[in-house]
Structures are given as structure tokens and as C-alpha cells.
Amino acid sequence: MALLSIRHLPEPVLREKAKKISNIDGTIQKLIDDMIETMQQANGVGLAAPQVGASLRLAVLQMPEEEPFAIINPEIVKSSGEQEVVEGCLSVPGYAGEIKRPASVTVKGLDRNGKSIRIKASDLLAEALEHEIDHLNGNLYIDRVESNDKLYKTEQNSEDEHQSI
Ligand code: CO
């Protein structure tokens, strides 16, 4: 496994619409392993392939106290409710923003072995899945911040009040 370099704004790859993965081969498996290692090293709860420079529809996630997992070609099939969250992004270091997102989502996609999966999520997992799927479409949470006073600078090393995704 290897650590990958996390791309920050304004790298153009972060604004591209990522391509669907049609063949889950050894290269994708290695990318998944490297992305998981990179996410864990950065204390993130999620990481999308464009954040490491690969314009592919793939994300890895890890909820606190849970095992990491990958989702390939994820799509939101249902969303409901609303939650207000304070969110950060590993590609926008030093900031956090207050935004609204659906409170629950159902996401379908493929696992790392190409098997169909369907995830019903709420709270942080819903937020993280929505955040990652935004990345795959070239969108960032800062696009959802309604006004400048809802985007804050964060102290270095104070990751407690928000999650970086
Ligand atoms: Co992000």
C-alpha cells in the first residue's frame, strides 16, 4: 500500500465529472487500498478518487469505530429530510462550513468485488456519502454554503468540531 497525495483546490481534477468504472481490476483494487490508507492517515471519514487525482467514480468511507469500505459507481436512489452539518473537506484544508443536506439517503453501487450493494444511511454516513458523490460530480461542500459567515477558518489540529470528508 502507498500513501497518495491529496489534491487541494484549485486543482482542476476536483471540478471534473468523474468517469464510471467498467472493469474492477487489480489497478482499481490497489487504488482502493491506497485510498483507504490515505484517508486513515488524514483522519478523514471519506475520500473520493478525484481527491487523489483519479477521475473515477469511486469513494472509500470509514465511520468512527467501523471498518473501511469502498463504493464504486455510487448513485443516490432516494433522499429525505434535512440535517444541518458543519463539514470540512480534505481538499479544502483549513476551513469548515455550515450547510444543509438530506438527513437520509439510499445509495446503490458496487463493492470492491463488483457485487451490487445498497446502503440506507442517515446522519454522518448519509452526509459522507452525499459529500463523496458530490466530489464525483465535481462539486464541493463550499458550493452549498449559503453565505460567507457560514464558512469558517479552522485552527490547525482542531478537527473535533467537524469531520473532514
Ligand atoms: Co471532500
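This is a predicted model: local features need pLDDT of at least 70, side-chain atom pairs count only at pLDDT 80 or more; totals for chains, interfaces and linings use all residues.
Local features were considered only at pLDDT of at least 70 and side-chain atom pairs only at pLDDT 80 or more, whereas totals for chains, interfaces and linings use all residues. Residues are numbered from 1 along each chain as its sequence is written, and side-chain values use heavy atoms, with hydrogens and water left out.

Helices (H or I, at least four residues) and strands (E, at least two) are DSSP runs numbered from the N terminus. Five strands form an open sheet in the order S1-S2-S3-S6-S7, with antiparallel pairing; two strands are taken to pair if DSSP finds at least two bridges between them. S1 and S7 (116-122) are the edge strands, each pairing on one side only. On average, neighbouring strands of this sheet are turned by 40° against each other, direction ignored. Axes here are lines fitted to C-alpha atoms, for helices over the stretch in contact, and angles run from 0 to 180 degrees between N-to-C directions.

Strand S2 (residues 58-61) is covered on both faces. Leu-58 and Val-60 on one side, and Ala-59 and Leu-61 on the other, are all buried, that is, under 20% relative accessible area with a 1.4 Å probe and protein chains only. S2 pairs in the antiparallel sense with strand S1 (residues 46-48) over three bridges, and Ala-48 stands opposite Ala-59. The antiparallel pairing of S2 with strand S3 (residues 69-80) extends over four bridges; here Ala-59 faces Ile-71 and Val-60 faces Ala-70.

Helix H1 (residues 26-41) packs on the sheet and touches S1, S2 and S3, contact meaning heavy atoms within 4.5 Å. The direction of H1 makes about 40° with that of S2. Helix H2 lies across S1, S2, S3, strand S6 (104-110) and S7, and runs at about 120° to S7.

H2 (residues 123-136) also contains His-131 and His-135, four residues apart, or about one turn of the helix. Both histidines are buried, and each provides its NE2 atom to the cobalt ion. Donors are N, O and S atoms within 2.8 Å of the metal (3.2 Å for Na, K and Ca); water is not among the atoms, so sites may look incomplete. The donor residues are spaced C-x41-H-x3-H-x29-I in sequence. Angles among the four donor atoms span 87 to 143°, and the site is irregular; four donors count as tetrahedral if all angles lie between 85 and 135 degrees, four count as square planar and six as octahedral if opposite donors are over 155 degrees apart and all others between 65 and 115, and anything else is irregular.

Technical notes. Buried means under 20% relative accessible area, exposed over 50%, partly exposed in between (1.4 Å probe, protein chains only).
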